[in-house]
Amino acid sequence: MLDGIRALAVLCVLWFHFWQQTWLMPVYETPFLKWMGVERINPDVLRRVGYLFVDVMLLLSAFLLYLPYARNRFCGTPTDSPGSFFRKRFARIVPSYLFAVIVMFLFAWLQGKYDGKTDFAVKDIFTHLTFTQMLFNDTYLFTEITAVMWTICIEVAFYLIFPLLAKAFRLSPLPIYATMMLVGIWFANDIAPAIGEPRVMVNRFLTFLPVFANGMMAAHIYVWYAERVRHKMIPSIIGTVAAAAGIYVAFRMFRACVEEGVVGNQQVWQMQYRAPLSLAFTVSILGLSVSAKPIRKLFDNRVLVAIAAVSYNLYLWHQWLMIRICSALGAKSGADIARAGVNAQWTVTLTGLAAAFAVAALLTYGLERPVSKLILHTRRKMGDALYNEGE
């Protein structure tokens, strides 16, 4: 089920970025729902806040990373050593990330994007290769690589502290959870506005502490539930209601975010409401995980599982590819595509989707998985050799 949620989160981010490039805003007529008073469906709000689903992706990451530690606390199952944890994380994200950064940098260089900006070119590639681009305003806001890479920077920062954080969380879940929430809220509401403009501060690591805290607590609650609750009917009803309530609250917050965007305060809103929004996402995910089986099946189908399998490379490449497609057509903004008409908007959108999924599938199965297996297999062989020498 979590694969389905991840896939939907990535698709929402992709939808937002594609909408930025094409301004495609279809309204779907629903005459079959007229008896309910619903004559059309306009997903404008969801389309405009697609970037908020990056928080869902990071929430799921924290959930899945902490899950073995929660099982260790409640079931006594072993956890990875810090070395094994870092090795697995490196094998999982670094090969595809480095390939994307290098290809995108070379493309920008050959296109003359760095002409007369050699110092910035060196800084751009160096900070991206070292996951430090978020430390500098220019490499965060004006990179010639692709804007979405900042998310990987946040994820890597979380990885660096995770073994110690997970150990502390396992021993004292509530105090650590409360500390992470309070520090994140304090930074977003008091510190960030005082030291930088919203577009710079909105995606700083500390603003995501509540997201990571909620993900870890969700894993804690989930394992606790799985170990103690045996009767499923009543919990599934409660879970279904909780999921519906969480989704409802999230959509109400989406509308508030769009309204703030109209007056130019969208990024301020995002910083200040990241913690409660991630809590609504958490309630939704936990509720869905124990909801009625037919509801869980909606998120556990072959299509969403297949999308989840290539989601990492899909996320890395979708925006860059869409911008290249629009640029090849001579479009400098979404307005240019919109002026060409709805057919042109759909053509560009579908072309971008096809390109993004093709590249994601090729790199997932041709690069990411083989290289990841090679890294982990080589390490195991080295460990076996050292063990045999010791004998």
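1. The largest cavity of this predicted model has a volume of about 40 Å³. A cavity is here a set of points, on a 1 Å grid over the protein atoms alone, where a 1.4 Å probe fits but cannot get out. Grid points are joined across faces, edges and corners, and a volume is the space filled by probe spheres set on the points. The structure holds 3 cavities of 30 Å³ or more.

2. Lining residues are those with an atom within 4 Å of a point. For the largest cavity they include Gly184, Ile185, Thr207, Met271 and Arg274. α12 (266-289) provides the largest share of this lining, 5 residues, and α8 (173-195) also supplies at least two. Helices are DSSP runs (H or I, at least four residues), numbered from the N terminus. By class, the lining divides into 6 nonpolar, 4 polar and 1 charged. Ala, Val, Leu, Ile, Met, Phe, Trp, Tyr, Cys and Pro count as nonpolar, Asp, Glu, Lys and Arg as charged, and the others, Gly among them, as polar.

3. The largest pocket has a volume of about 980 Å³. A pocket is an open set of points with protein on both sides within 12 Å along at least five of seven lines. Its lining comprises 35 residues, and Gln20, Leu141, Ala147, Val148 and Gln319 lie nearest the centre.

4. Six residues of the lining of the largest pocket come from α15, which gives the most. At least two residues each are supplied by α1 (2-22), α3 (54-75), α4 (82-110), α6 (137-141), α12 and α15 (311-328). The class counts for this lining are 18 nonpolar, 11 polar and 6 charged.

5. The second largest pocket has a volume of about 790 Å³. Of its 30 lining residues, Arg6, Ser61, Arg89, Arg92 and Tyr159 are the closest to its centre. Two or more residues of the lining come from each of α1, α3, α4, α7 (150-171), α14 (302-309), α15 and α17 (342-390). The greatest contribution to the lining of the second largest pocket is that of α3, with 8 residues. Its residues divide into 17 nonpolar, 4 polar and 9 charged.

6. On conventions, residues are numbered from 1 along each chain as its sequence is written, and side-chain values use heavy atoms, with hydrogens and water left out. In this predicted model, local features need pLDDT of at least 70 and side-chain atom pairs count only at pLDDT 80 or more, whereas totals for chains, interfaces and linings use all residues.
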